[in-house]
Amino acid sequence: MQAFDYYQAPEQEVFEDIKAKAIELWQTYDDTYGYATGKINRIKDIENVQDNAWYIIAMFDIQNQAKLLSMVNEKTKVKIQEMLAWSKKVV
């Protein structure tokens, strides 16, 4: 298994899945004060470079990361789990 590189962008398919599902998840939140819209606006035009996929995931607390994980496809789920496991080893 190849070592995980946090700053290496994932495959485009994985990135697009993370991005789409993150936007979908943000759209479920109360937007009375524009919080969700602000998060969506930060994500919608972001490109798949360096750690942007992991930045999107880090916008969520751990409970919402779990929700996001349940929404993505299996390949994306594996990549996210690799990233989260890697980050725990560094801490």
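Author: Contact here means heavy atoms within 4.5 Å. This is a predicted model, where local features need pLDDT of at least 70, side-chain atom pairs count only at pLDDT 80 or more, and totals for chains, interfaces and linings use all residues. Residues are numbered from 1 along each chain as its sequence is written, and side-chain values use heavy atoms, with hydrogens and water left out.

Reader: Which residues does isoleucine 43 touch, not counting residues up to four places away in sequence?

Author: Isoleucine 43 touches Lys19, Ala22, Ile23, Trp26, Ile56 and Met59.

Reader: How do I read a nonpolar core?

Author: In soluble globular proteins, nonpolar side chains tend to be buried together. A nonpolar core is a set of buried Ala, Val, Leu, Ile, Met, Phe, Trp, Tyr and Cys residues joined through side-chain atoms within 4.5 Å. Buried means under 20% relative accessible area, exposed over 50%, and partly exposed in between (1.4 Å probe, protein chains only). The largest core here has 23 residues. Ile18, Ile43 and Trp54 have the most contacts inside it.

Reader: Which helices each supply at least two residues of this core?

Author: They are H1 (12–26), H2 (35–44), H3 (52–58), H4 (62–71) and H5. The largest share, 7 residues, comes from H1. Helices are DSSP runs (H or I, at least four residues), numbered from the N terminus.

Reader: Which residues of H2 are buried?

Author: Ala36, Lys39, Ile40 and Ile43. They cover an arc of only 100 degrees around the axis, so they sit on the same side of H2. The arc is that of the directions from the helix axis to the C-beta atoms. Their cover includes H1 and H3.

Reader: How do I read a pair of aromatic rings?

Author: Use the distance of the centres and the angle of the planes. Rings of Phe, Tyr and Trp (its six-membered ring) pair if their centres lie within 6.5 Å; planes under 30 degrees apart count as stacked, over 60 as edge-to-face and the rest as tilted. The whole structure has 3 aromatic pairs. The rings of tryptophan 26 and tyrosine 29 have centres 5.5 Å apart and planes at 55 degrees, so this pair is tilted.

Reader: What about tryptophan 26 and phenylalanine 60?

Author: Their ring centres are 4.7 Å apart and their planes at 20 degrees, so the pair is stacked. Tryptophan 26 lies in H1 and phenylalanine 60 in the loop between H3 and H4, so the pair ties together parts 34 residues apart in sequence. Both residues are buried. Ring pairs link Trp26, Tyr29, Tyr35 and Phe60 into a cluster.
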